[in-house]
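Visitor: Please put the sequence and the structure side by side. Then let us go through them together.

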Amino acid sequence: MRTVLVLLALGAASLLHAQERTLSWKALDVTAKLANDGTLAVSERHRMRFDGNWNGGERIFRIEPGQQLRLFGMSRVDDNGETHPMAEAIGSGIGMHQYRFDGETLRWRARESSDPPFRNAERIYVIHYALRNVVQRDGENYVLDHDFAFVDRPGPIESFSAKLELDSGWQAPADFVPAFERANLPPGESAILKLQLKWAGEGAPEYVAPLVPPEMTPAPGVVTTPRRVPPPDLPPPPPPLSMWVKLAALGAFVIAATLLMLRFLAREEAVGRHEPPPDVTPAWLEEHLLVHRAEVVGAAWDGATGPGEVAALIAIMTAEGKIENVAGAPKLRLLVPRKSLSDYERGFVDALFVKGNEIDPATLRAHYREVGFRPEQSIASALQAAARKLVGDAPATSWAFGLLAFVATLLFLPIVAIAFLVTLGLVAAYRNTFPGRTLSRILPLPLLGAAVLHTYVNDSLG
């Protein structure tokens, strides 16, 4: 019952979150240097926020006609601020912390397919590359017209900055500011720097391109222009679920939980779990307890087999005339045929009477000198089976599934994980309370509350 409720909560809340898949940039910081030969060396630091089942990131380069791009590599920055170079993938797949570049599109893996989806996880990556022929020649002057914020991205950039350093041969206007910042750039919006330059070095820069016609270029200065072209390989995230869908899922969960709770209460009533404590008298003990064998009652009560059950079995078999103490010597004698004994009695007798129908301590110690004498092991399996017939099977597997559900909720849904811990406390209290009728009715309330809270305040604890 407890396991079903937990899994229902997990499934209902997971359904509400499964469709959400977003990717944004907490920050994109770009540093670039224009070398004397016209090469623009760029380093981009991407602080990305993944939410959902993304496998990794993607950076699409728009290479204008005549331009040349060379990727030097990329690195990842861990939570301690340490930088780790990433390897280029070999073969058809991309391994964890590897990248692949096809000349225009750079892709890398940040999550294994078997790992849980990202939950607002931040990852930092640094990309190093160089562009040639990004500078255009305009008579005796030159023009740098470059987008420092790539437009083909599925999410916004919250904070953008760019710093441009000019090599010794380049001269910029007196009012040139080498750094600029932008905030909240939506997907598809650029951050273009158009800068008039003069050449003051020796010879001429090698990697320059012809000037693009004026009607095809924006006005001088730093501008943002909407180039809203959706990336071809990254489909947009699906729209969030409507509140009606969420309420329908919540209602289905509440109905299912209520029906299961009623079934649980009916079953507890049937076995007398909610009846008042009995008036324990000698007559009640004779009727309800002493009619069962002592070793079976002990195994059912302890949930295990130990020395107490062995002592009870010896006492019962002695009282029933199946074994006896030999007068004048520390010795036991078997009085009945072995085949007449029950399963666990036969196992115990075979383990005890190792030579014939009599046994003494010296013979027993000599026989078990190497492995030790553990009589409870010979009766444990059969005695536990008899105990289960008396009280029913213990729900051991439900705890295993419950633990698995808790781990899953801890990874995916912190709200449900907290509710699960509270429910475990209520279950423990109910298990140790007699009769506990009132407490049994509130067992699903923490999970129901978590489902309602998750419906209206998604990720409030995430």
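**Strands, helices and a loop**

Visitor: Which glycine sits in the turn of the hairpin formed by S7 and S8?
Guide: Strands are DSSP runs of E with at least two residues, and helices are runs of H or I with at least four, all numbered from the N terminus. S7 and S8 form a hairpin, with three residues between them. The turn holds a residue with a positive phi of about 105 degrees, glycine 103.

Visitor: What kind of model is this, and which atoms are left out?
Guide: This is a predicted model, where local features need pLDDT of at least 70 and side-chain atom pairs count only at pLDDT 80 or more, while totals for chains, interfaces and linings use all residues. Residues are numbered from 1 along each chain as its sequence is written, and side-chain values use heavy atoms, leaving out water and hydrogens.

Visitor: Which residue stands opposite arginine 100?
Guide: Strands S7 (residues 98-101) and S8 (residues 105-109) run antiparallel and are joined by three bridges. Two strands pair if DSSP finds at least two bridges between them. Within S8, tyrosine 99 has tryptophan 108 as its bridge partner. Opposite arginine 100 stands arginine 107.

Visitor: Which residues make up the uncovered face of S7?
Guide: In a regular strand the side chains alternate between the two faces of the sheet. S7 has a covered face with Tyr99 and Phe101. Its uncovered face has Gln98 and Arg100.

Visitor: Which strands stand at the edges of the open sheet of four strands?
Guide: The order is S3-S8-S7-S6, with mixed pairing. Two of these strands each have a single partner, so one side of each lacks a neighbour in the sheet. Those edge strands are S3 (56-60) and S6 (87-88).

Visitor: Which residue in S7 stands opposite alanine 87?
Guide: S6 and S7 run parallel, and two bridges join them. Opposite alanine 87 is glutamine 98.

Visitor: How many bridges join S12 to S14?
Guide: Strand S12 (residues 157-166) runs parallel to strand S1 (residues 22-34), with eight bridges joining them. Alanine 162 in S12 is the bridge partner of valine 30. Alanine 162 also stands opposite phenylalanine 180 in S14. S12 and strand S14 (residues 179-185) run antiparallel, and the number of bridges joining them is six.

Visitor: How far does H5 reach from its first C-alpha to its last?
Guide: Helix H5 (residues 307-319) has 13 residues. The expected span is 1.5 Å times one less than the number of residues. For H5 that is 18 Å, and the reach is close to this, at 18 Å.

Visitor: What arc do the buried residues of H5 cover?
Guide: Glu309, Val310, Ala312, Leu313 and Met317 are buried (under 20% relative accessible area; over 50% is exposed, in between partly exposed; 1.4 Å probe, protein chains only). They lie on the same side of H5, because their arc (of directions from the helix axis to the C-beta atoms) is only 165 degrees. On the other side, Pro307 and Ala319 are exposed.

Visitor: Which residues of H4 are buried?
Guide: Seen down the axis, they fall within an arc of 160 degrees, so they line one face of H4. The buried residues are Glu295, Val296, Gly298 and Ala299.

Visitor: Are H4 and H5 roughly parallel or roughly antiparallel?
Guide: The axes of helix H4 (residues 294-302) and H5 come within 8 Å and cross at roughly 165 degrees. Axes are lines fitted to C-alpha atoms, for helices over the stretch in contact, with angles from 0 to 180 degrees between N-to-C directions. Angles under 35 degrees count as roughly parallel, over 145 as roughly antiparallel, 65 to 115 as roughly perpendicular and the rest as oblique. H4 and H5 are therefore roughly antiparallel.

Visitor: Why does phenylalanine 353 count as buried?
Guide: Phenylalanine 353 is in the loop between helix H6 (343-352) and S20. It counts as buried because its relative accessibility is 2%.
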